[in-house]
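Biologist: Please take a close look at a single part of this model, the boundary between its domains. Then connect that part to the side-chain contacts elsewhere in the chain.

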Amino acid sequence: MTTQFKIPAKEDTLLKYRDEFVIPTFRQMNASAVPTEIADQPVTYLCGNSLGLLAKRSKKLVEEELEVWASKAVEAHFDHPYGRGWMWIADTVHPYLAKLVGASESEVACMGTLTANLHLMLNVFYKPTAGRYKILCEARAFPSDQYAMATQVAARGMNPDEVIIQLKPRKGEHTLRTEDIIDTIKREGSSIALVLFAGLQFYTGQLFQIPEITAAAKAEGCVCGWDLAHAVGNVPLSLHDWDVDFAVWCSYKYLNSGPGGIAGLYVHDRHADLPVQEAGWWGHDPATRFDMPPTFKAIRGAQGFQQSNPSVLSIVSLLGSLQVFDAAGGMQAIRARSLRLTGYLEALLKQSKFYAPPEAFFRDGAELKFTIITPANPAERGAQLSLAFLPLGRGVMPKVLKQLEARGVVGDSRKPDVIRIAPAALYNTFEDVERAVKVLDEAMEAVAKEGLPAKA
């Protein structure tokens, strides 16, 4: 039943925020199979989990800063015609970020890139001892997180294969059970120095139960940190109240800051006076920063970890999108609409003749099908659904993806068999969802006619 999900347009209070974003057209995205009479209409963009769309406010703010650079040059650090002095530019976004992640302003910093920030946090929080030295994470974590953890362990003279516990789902399941994570923490807790998971798993779309896992980690004396790349701007967060030690995130996905946009980090205020190990001048007390003193005096809290002056253009691009989040009523309102959009998408997908239940993934079948490997429980996922295309290893996914692209439905792929699609509550519509499922069926029909290569 799908009517429980779709909101009538006149009651869809967040629908108007679609007009705050620039949506590419079929023509711009080279959707070759789309009739020419609709070529200049917006594509069906369901890829905000990979790169969010451009907010019109972001475009305006970036253009303003370029004008200020041209007209004021270096003086704009302190004398800015729009009141956004570059000396304090990060402070324009800190209140919004604090609200999004459930923290105070002093607990967040807009800075750097996700992996660089993760290394900063690991250098401070990963303090292995002879008895407590292990790191617990999910198997198939995002590669950059894996690389960071492995190199941090190796730099301390240990073998990552012996130190990092990568927790896998049970046989015949796609995602981790919360009780299995907590049981592992209880069983191995005395030897675990750090629990580090993604808030939302990039491949399966599983939303981990952050408060429960954090509480279990803290009960065993472990530090608990989170990579929130796919969670921030996607689901409500309360990092301070959940007692999370630290977190890092990027901003170019659901936060729509633009490709390679500036990242962020969070440090609980009980750690506000931890010594900064990789100091830089932007983390120094702003009252004396431009006096250039020889001795570092850290800003208290997360912002003491800042190193170099941040990119003004990146920050104001993020600022424009964050203003839309705030205007829309924040994460509770956005999440409510997101649940309806993704629930509608799931319901329609399950009506497709090509849909197979999740257990089909583990069978050695030959039928052309897709299944959903993202948890069915809405509380255990965000906006994203991950579709696995069957039979596995037969090249179905790339063929389907090509057909979708030709028809102007934009998702993204994760080899070898998964396409991720994610309706973004700020700019996608229920009609986008309907068209995506219709086009997916067309794509599957086209692949069926084309035929699959013989099984190797």
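**The domain interface and its surroundings**

Modeller: Across the interface of domain 1 and domain 2, the rule finds nine residue pairs in polar contact, both residues at pLDDT 80 or more. A polar contact is a pair of N or O atoms within 3.5 Å; within protein, one must be able to donate a hydrogen and the other to accept it, and residues adjacent in sequence count only if both atoms are side-chain atoms. On the side of domain 1 that touches domain 2, the elements giving two or more residues are α9 (331-350) and β15 (418-421). The largest share of that side, four residues, comes from α9. Helices (H or I, at least four residues) and strands (E, at least two) are DSSP runs, numbered from the N terminus. By type, the residues on this side of domain 1 divide into 16 nonpolar, five polar and seven charged. Here Ala, Val, Leu, Ile, Met, Phe, Trp, Tyr, Cys and Pro count as nonpolar, Asp, Glu, Lys and Arg as charged, and the others, Gly among them, as polar.

A note on the basis. This is a predicted model, in which local features need pLDDT of at least 70 and side-chain atom pairs count only at pLDDT 80 or more, while totals for chains, interfaces and linings use all residues. Residues are numbered from 1 along each chain as its sequence is written, and side-chain values use heavy atoms, with hydrogens and water left out.

Now the domains themselves. Domain 1 covers 3-42 + 331-450, and domain 2 covers 61-326; the bounds come from an automatic or database domain assignment. Their C-alpha centres lie 30 Å apart. Domain 1 puts 28 residues into the contact and domain 2 puts in 24 residues, where contact means heavy atoms within 4.5 Å. The two domains bury about 2200 Å² between them, 63% of it on carbon and sulfur atoms. Buried area is the accessible area (1.4 Å probe) that two parts lose on being put together, summed over both. Met331, Phe362 and Ile373 supply 26% of the area that domain 1 buries against domain 2, more than any other three residues.

What about charge pairs? Between domain 1 and domain 2 the count is zero salt bridges. A salt bridge is a side-chain nitrogen of Lys or Arg within 4 Å of a carboxyl oxygen of Asp or Glu.

Elsewhere the rule does find such pairs: the count comes to 31 salt bridges. One of them joins the side chains of Lys99 and Asp326 at 3.0 Å, N to O. Lys99 lies in helix α2 and Asp326 in helix α8 (residues 312-327), so this pair ties together parts that are 227 residues apart in sequence. Lys99 is exposed at 59% relative accessible area, while Asp326 is partly exposed at 34%. Buried means under 20% relative accessible area, exposed over 50%, partly exposed in between (1.4 Å probe, protein chains only).

Back to α9. Glu346 forms a salt bridge with Arg381, the closest N and O atoms being 3.0 Å apart. Glu346 lies in helix α9 and Arg381 in the loop between β11 (369-372) and β12 (385-390), so the pair links parts that are 35 residues apart in sequence. Both Glu346 and Arg381 are buried.

Glu445 and Lys353 also meet in a salt bridge, at 2.7 Å from N to O. Glu445 lies in helix α11 (residues 430-450) and Lys353 in the loop between α9 and β11, so parts 92 residues apart in sequence are tied together. Glu445 is partly exposed at 31% relative accessible area; Lys353 is exposed at 55%. A network of salt bridges links Lys60, Glu64, Glu65 and Arg84.

Next, Asn256. It is found in the loop between β9 (246-249) and β10 (264-267). Asn256 is buried, with a relative accessible area of 3%. Its side chain makes a polar contact with the side chain of Ser321 (3.1 Å). Not counting residues up to four places away in sequence, Asn256 touches residues including Phe21, Phe325, Leu426 and Tyr427.

Last, Met149. This residue is found in helix α4 (residues 143-155). Met149 is buried, with a relative accessible area of 1%. Beyond four places in sequence, Met149 touches Leu122, Ile135, Cys137, Ile164 and Leu196.
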